[in-house]
Amino acid sequence: MALTPPYVSVADGRTVVLNGVRALAVVAAAFLLAGLLGQVGAALFGVSLPLDAAGTPASLYAAVNAVSFVGFVVAALGFVGLRNEQSLLHVRSPTLSDAGWVLVGVAGIFLGAIVMGVVVDVLSTVVETVFGTSVESGQNSVIEAGRENPPLFLYMVPVALLLVGPGEELVFRGVVQGLFRRSFGVVPGIVLASLLFGLGHAFAISSGSAWTYVLTAGALGVVLGTVYEYTESIVVPALAHGLWNAGLFVLNYYLATTGTSLPV
């Protein structure tokens, strides 16, 4: 297990700049490839972009999303392979204890989501009081699409487990956090990677205030990044991330099909 001192260790200026540029380039490549592959997937499946939740079959909507997230996997593994940077990734054989750490990761995300919900509510109240501007929480585009077409939630479960969790973790924890770890040490690496992780989720918002969603996603990234560094296994945060998203889809399917609402 890692997370041992020194927690902060700043490299020379050239290393810091190069790793920063590379981290941003990998993130940009991931989103660019995701967009291009999304277009390819839409063409292959005979649907138009942007996807219409009500008019697109749930299976095809999920399939286009699945093809799109292949871009994240390609960007991360492509960078690692082309630059021979295998040392960036914490990869090892899974152990029985990893299953427990996956559950710890999911529980950590759950608690983090609750805490950030309170923080966002407080900040929203401050913004509304000071600036007189109403703040609505950012809404994920897939969640909103699923509310219009509930079977989409079930189709997105395997996508979350097999592509969304692994793809995003390879990019943000594996490559980006690894590069920042080299430049600044473990703790700044977690924080900076989580910042980019949060900002990246601005692209997933379809309505509401972007900063509320970005802030929450960034905080959850800290949980995943910490679990990753402690276990030294990219599989652990990938599974925790995938299970969390899959759980949200199952929960939202239940809510959408039963008319039930969560207590607030």
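Predicted model: local features only at pLDDT ≥ 70, side-chain atom pairs only at ≥ 80, totals over all residues.
Residues are numbered from 1 along each chain as its sequence is written, and side-chain values use heavy atoms, with hydrogens and water left out. The chain exposes about 12800 Å², of which carbon and sulfur atoms supply 70%, as computed by the Shrake-Rupley method with a 1.4 Å probe, only the protein chains shown counting as cover for residues.

Eight helices and two strands make up the secondary structure of the chain, in the order α-α-α-β-α-α-α-β-α-α from the N terminus; helices (H or I, at least four residues) and strands (E, at least two) are DSSP runs, numbered from the N terminus. Of the 264 residues, 45% are buried, where buried means under 20% relative accessible area, exposed over 50% and partly exposed in between (1.4 Å probe, protein chains only).

Eight aromatic pairs are counted, the rings of Phe, Tyr and Trp (its six-membered ring) being paired if their centres lie within 6.5 Å, with planes under 30 degrees apart stacked, over 60 edge-to-face and the rest tilted. One of these pairs, formed by Phe180 and Phe184, is tilted, at 6.5 Å centre to centre and 35° between the planes. Both residues lie in helix 5 (residues 151-184), four residues apart, or about one turn of the helix. Phe180 is buried, with a relative accessible area of 10%, whereas Phe184 is partly exposed at 21%.
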